[in-house]
Amino acid sequence: MMKRIFDLSLVLVGLLVMAIPLFILTVMVRIKLGSPIFFRQIRPGLDGIPFEMIKFRSMTNHCDLDGNLLPDVDRFTRFGCLLRSTSLDELPELWNVLKGDMSLVGPRPLLMEYLLLYSQDQMRRHRVRPGITGWAQVNGRNAIGWDEKFRLDLWYVDNHNILLDIKILLLTVRKVLAHDGINADGDATMPRFAGSVHEEGDKP
């Protein structure tokens, strides 16, 4: 309950302070990238229950001759890269926090298709609401591998408290200003998760 009150208090203040910047960003995305302005995708939330996550769009919809979307790296524009590197594309997720789908701090919500690839231990990341930022994001973000990212997520699940959330939010500001950990080596963002090597019987 305290975590939810903490989230709502900061989000309401944040939305008041950033109302004009959010409006300007919305207009800029429409001018630079066209419609739709927002990227919407179903992601697993608390207890793995699906919800619609919303972000500012940061890539074009350019396709190859067969109608397939080009790789992420080929669909980023300079403006889209700016949105991603400054994490401004994440700001609409404040709406998800307001609705209760997400928290300010928690494991990042990943793709629905990954649920079938998690081990039983990795599934524990869904015991808390997913976050806009998290312990894995301030300890490497996309520059670390999947197994390390899950290890950090699970450490947060087992140790989270309000003071830790405040620490993570402050570290997030520093990481964003430093543009640290945005991309994995050889990828525009992060390579797709293909499952981890586990002991027999460890799959859910």
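**Aromatic pairs in a predicted model**

The structure has 9 aromatic pairs. Here, rings of Phe, Tyr and Trp (its six-membered ring) pair if their centres lie within 6.5 Å; planes under 30 degrees apart count as stacked, over 60 as edge-to-face and the rest as tilted. This is a predicted model: local features need pLDDT of at least 70, side-chain atom pairs count only at pLDDT 80 or more, and totals for chains, interfaces and linings use all residues. Residues are numbered from 1 along each chain as its sequence is written, and side-chain values use heavy atoms, with hydrogens and water left out.

**Tyr114 and Trp146**

- Tyr114 and Trp146 pair edge-to-face, at 5.7 Å centre to centre with 80° between the planes.
- Tyr114 lies in the loop between β3 (103-105) and β4 (131-133), and Trp146 lies in helix α6 (residues 146-159), so the pair ties together parts 32 residues apart in sequence.
- Helices (H or I, at least four residues) and strands (E, at least two) are DSSP runs, numbered from the N terminus.
- Both Tyr114 and Trp146 are buried (under 20% relative accessible area; exposed is over 50%, partly exposed in between; 1.4 Å probe, protein chains only).

**Phe150 and Phe193**

- Phe150 and Phe193 also form an edge-to-face pair, with 5.0 Å between centres and 75° between the planes.
- Phe150 lies in helix α6 and Phe193 in the segment after α7 (162-178), so this pair ties together parts 43 residues apart in sequence.
- Phe150 is buried at 2% relative accessibility, and Phe193 is buried at 5%.

**The cluster**

- Tyr114, Tyr118, Trp146, Phe150 and Phe193 form one aromatic cluster.
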